[in-house]
Amino acid sequence: MQHHTLRRLAWRTLLLLTAAPLSALPVACGAGGGLPLLPSDDAGDAGLGEPWTGEAEDDERNAGWIGGPCEAASSCVHVQTPACLQGDAWPGGACTQPCTRLCPDLDGPHSVTFCAEVEGQGRCLSRCDADLYGGDGCRPGYACRILPRFNEPTTQQPTCVPEGWEAPDPTTACRAALDDLGIIWAPWDYTTQRDDDTGLACTIDDPIRVSSPINGISYRYYNQDTSAPLAVTCELALALHRLGDVLKPRRITQVLHIGTFNCRPVSGTQRLSEHAHGNAIDIWGLVDDDGQDYILERDWEHDTTQPRTSQGRLLYDVAQQMYQDNVFNTILTPNYNAGHDNHFHVDLQPGARFIGYGPVQTSRLDSGEDGCGVTPPAP
Ligand SMILES: [Zn+2]
């Protein structure tokens with residue numbers, strides 16, 4: 001009992017010590033232990049239930065609360081939408097509830113919570129709390145790991161997971177590939193937008209911002225002097241790396257573009273453009289290491305496989321090789337229609353293998369629609 005008394009005292013002392021300076025925080029616990037205290041970013045999480053006033057026995061810690069033991073969801077009496085993580089992987093069960101980014105907290109002998117990924121879903125877990133459990137701050141059978149927050153991987157917190165549990169890798173295979181290729185990128189904290197007219201959701205798979213140069217090529221907006229990070233899917237960033245392999249042998253060092261992400265449908269349709277999914281880029285022109293530029297609107301020679309100028313030849317060859325080398329899934333050239341007179345539209349529309357090329361067109365999209373959602377800028 002001495003042990004319990006000490007723990008209670010420690011608990012109350014912690015509350016007293018932290019109540020004033022941390023009054024802005026939802027609860028004042030979880031501050032001890034061998035792990036560094038990371039800045040609290042759960043401000044705004046509402047406390048639930050009554051403040052804890054009872055006597056804490058060991059088996060009451062987190063009882064009925066997130067991270068506490070359970071035999072069924074009904075054991076999780078303090079949880080708003082209770083569920084019980086069970087099976088060999090979760091010794092003694094663990095109360096949880098679904099989450100998209102944040103989780104509620106509860107006063108009393110209860111760990112602060114954290115929304116993390118469990119088998120592909122957002123689930124509330126308990127943070128490590130050495131004042132509550134001693135050691136690394138987790139129940140027997142559980143271990144403290146630093147996990148990324150679900151839907152916000154740049155935020156990470158020490159969280160209790162089953163011992164031996166393999167934490168989901170916050171880095172996708174695609175992102176690991178970017179790292180392997182030396183591509184500079186950062187997560188893009190994208191909140192799904194909706195197109196005003198159709199109400200369609202502009203979802204983005206694995207949104208990132210990728211910085212120039214990419215495989216030796218700098219990307220800048222056609223009327224800007226400097227490069228800015230591109231908002232794209234991770235897969236499109238990999239495609240841009242492939243594009244470098246097409247451009248570098250031609251001594252191209254810069255791509256002038258007129259946009260990537262744009263939440264809007266294909267002009268004249270109710271279907272979202274690949275731009276709405278961060279999966280497309282419109283290429284206005286190219287610049288080589290001598291400063292010579294190759295501008296689609298000026299230099300593209302329409303409806304011929306034998307361009308006469310060197311600029312026209314280079315643009316034609318680049319379009320052909322982008323297609324032959326599967327750099328992108330869809331390639332629309334100025335031959336495709338007037339809407340593309342001043343750019344190559346290239347995207348990664350799933351399942352497409354298409355070059356919109358006029359007289360040497362090799363295949364067509366089912367819809368035959370232009371995949372471009374960007375209004376071309378004035379010349
Ligand atoms: Zn486009």
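Me: What share of the protein chain's residues is buried?
Reply: Buried residues make up 40% of the 379 residues in the protein chain. Buried means 20 or more other C-beta atoms within 10 Å of the residue's own, exposed means 12 or fewer, and partly exposed is in between, with C-beta atoms placed from the backbone.

Me: Where does the model come from, and how are residues numbered?
Reply: This is a predicted model: local features need pLDDT of at least 70, side-chain atom pairs count only at pLDDT 80 or more, and totals for chains, interfaces and linings use all residues. Residues are numbered from 1 along each chain as its sequence is written.

Me: How many helices and strands are there in the protein chain?
Reply: There are six helices and 20 strands. Both are DSSP runs numbered from the N terminus: H or I with at least four residues for helices, E with at least two for strands.

Me: And the contacts, what percentage joins residues at least 24 apart?
Reply: The figure is 59%, among contacts between residues at least 6 apart in sequence. Two residues are in contact if their C-beta atoms, placed from the backbone, lie within 7 Å.

Me: Cores next. How many residues are in the largest nonpolar core?
Reply: It has 48 residues. Ala-237, Ala-319, Met-322 and Ile-331 have the most contacts inside it. A nonpolar core is a set of buried Ala, Val, Leu, Ile, Met, Phe, Trp, Tyr and Cys residues joined through C-beta atoms within 7 Å.

Me: Which element gives the most to this core?
Reply: Helix α4 does, with nine residues.

Me: What is in the second, separate core?
Reply: That core has 28 residues, including Cys-70, Cys-76, Cys-84 and Cys-115.

Me: Back to Met-322. What is it in contact with?
Reply: Leu-243, Val-246, Val-327, Phe-328, Ile-331 and Val-346, leaving aside neighbours within four places in sequence.

Me: How do α4 and α6 pack?
Reply: Helix α4 (residues 234-247) and helix α6 (residues 310-324) pack at an angle of about 130°, with their axes 10 Å apart. So α4 is oblique to α6. Axes are lines fitted to C-alpha atoms, for helices over the stretch in contact, and angles run from 0 to 180 degrees between N-to-C directions. Under 35 degrees counts as roughly parallel, over 145 as roughly antiparallel, 65 to 115 as roughly perpendicular, and the rest as oblique.

Me: Which residues make the contact of α4 with α6?
Reply: Leu-243, Val-246 and Leu-247 on α4, with Val-318, Gln-321 and Met-322 on α6. By class, that is five nonpolar, one polar and no charged residues. Ala, Val, Leu, Ile, Met, Phe, Trp, Tyr, Cys and Pro count as nonpolar, Asp, Glu, Lys and Arg as charged, and the others, Gly among them, as polar.

Me: What about α3 and α4, at what angle do they cross?
Reply: Roughly 30°, and the axes of α3 (residues 173-180) and α4 come within 9 Å. That makes α3 roughly parallel to α4.

Me: Who makes that contact?
Reply: From α3, Cys-174, Arg-175, Ala-177 and Leu-178; from α4, Cys-234, Glu-235, Ala-237 and Leu-238. The contact of α3 with α4 divides into six nonpolar, no polar and two charged residues.

Me: What is phi of Asp-303?
Reply: Near 55°, a positive value in a residue other than glycine. Asp-303 is in the loop between α5 (296-299) and α6.

Me: Why does Asp-303 count as exposed?
Reply: Because Asp-303 has 10 C-beta neighbours inside 10 Å.

Me: And phi of Asp-206?
Reply: Phi of Asp-206 is near 55°, also positive in a residue other than glycine. Asp-206 lies in the loop between β11 (201-202) and β12. Asp-206 is partly exposed, with 18 other C-beta atoms within 10 Å.

Me: Pro-334, buried or exposed?
Reply: Buried, with 25 other C-beta atoms within 10 Å. Pro-334 is in the loop between β18 (330-332) and β19 (344-347).

Me: What does Pro-334 touch?
Reply: Leu-296, Trp-300, His-302, His-340 and Asp-341, not counting residues up to four places away in sequence. The C-alpha atoms of Pro-334 and His-302 are separated by 7.1 Å, though the two are 32 residues apart along the chain.

Me: Last one. Where does Cys-144 lie?
Reply: In strand β7 (residues 142-149). Cys-144 is buried, with 21 other C-beta atoms within 10 Å. Cys-144 and Cys-128 are 16 residues apart in sequence and 5.9 Å apart in space, C-alpha to C-alpha.
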